[in-house]
Amino acid sequence: MSLLADPQALAASTVVLSDTSRTTAGVLLLALVTVETGGLYLVKIVRGAAPATEFQEKFARAGHAHAAVLLLLALICQVLADSTNQTGILSWLSRSGVAVSALLMPGGFFFSSMGAGRTEPNRLIALVFAGAALLAASLISLGIGLLTA
């Protein structure tokens, strides 16, 4: 019998978020609005209304895409983190690491390409690599937390 055919089974399958996950999810959803706004800037670049080099356009696309995907992944991590028994730094990594990566990686793309006529990244490209390392650590932490719960 499917969950839709059995209202009691559907009610029993409802996910209840912890207060931490609910709050974090609310902030992440509001942050997605900023990604939407950034999309307007990207449209201006593509239409020629905002000056940008080919390099800057590519980095704007990469930053925008990473921001959106990582924020969505961070939302999913909230539900999954509630299913672990982790505490301390592992709990923080599993619950918040992807969200912080969603700031670091896009920030690295955007900040390393800022400046009129720039054709290569500046030293702030390090934020992309820092975000990638944090993302990997967070996903490993959450994966292990789910497998050992």
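This is a predicted model: local features need pLDDT of at least 70, side-chain atom pairs count only at pLDDT 80 or more; totals for chains, interfaces and linings use all residues.
A: Residues are numbered from 1 along each chain as its sequence is written, and side-chain values use heavy atoms, with hydrogens and water left out.

Q: What does the C-alpha trace span along its principal axes?

A: About 60 × 35 × 25 Å.

Q: How many helices and strands does the chain have?

A: Helices (H or I, at least four residues) and strands (E, at least two) are DSSP runs, numbered from the N terminus. Here you get five helices and zero strands, so the pattern along the sequence reads α-α-α-α-α.

Q: Which share of the contacts comes from residues 24 or more positions apart?

A: A contact means heavy atoms within 4.5 Å. Take the contacts with a separation of 6 or more: residues 24 or more positions apart account for 73% of them.

Q: How much of the chain is buried?

A: Buried means under 20% relative accessible area, exposed over 50%, and partly exposed in between (1.4 Å probe, protein chains only). Of the 149 residues, 33% count as buried.

Q: Is S94 buried or exposed?

A: S94 counts as buried because its relative accessibility is 1%. This serine sits in helix α4 (residues 88-112). Leaving out residues up to four places away in sequence, S94 touches C77, A81, Q86, S138, S141 and L142.

Q: Which side chain makes a polar contact with the side chain of S94?

A: A polar contact is a pair of N or O atoms within 3.5 Å; within protein, one must be able to donate a hydrogen and the other to accept it, and residues adjacent in sequence count only if both atoms are side-chain atoms. For S94 the partner is the side chain of Q86, at 2.6 Å.

Q: What about S101, buried or exposed?

A: S101, also found in helix α4, is buried, with a relative accessible area of 0%. Beyond its neighbours within four places in sequence, S101 contacts L70, P106, G131, L134 and L135.

Q: And L147, buried or exposed?

A: L147 is exposed, at 76% relative accessibility, and belongs to helix α5 (residues 126-148). L147 and T84 are 63 residues apart in sequence, with 8.5 Å between their C-alpha atoms.
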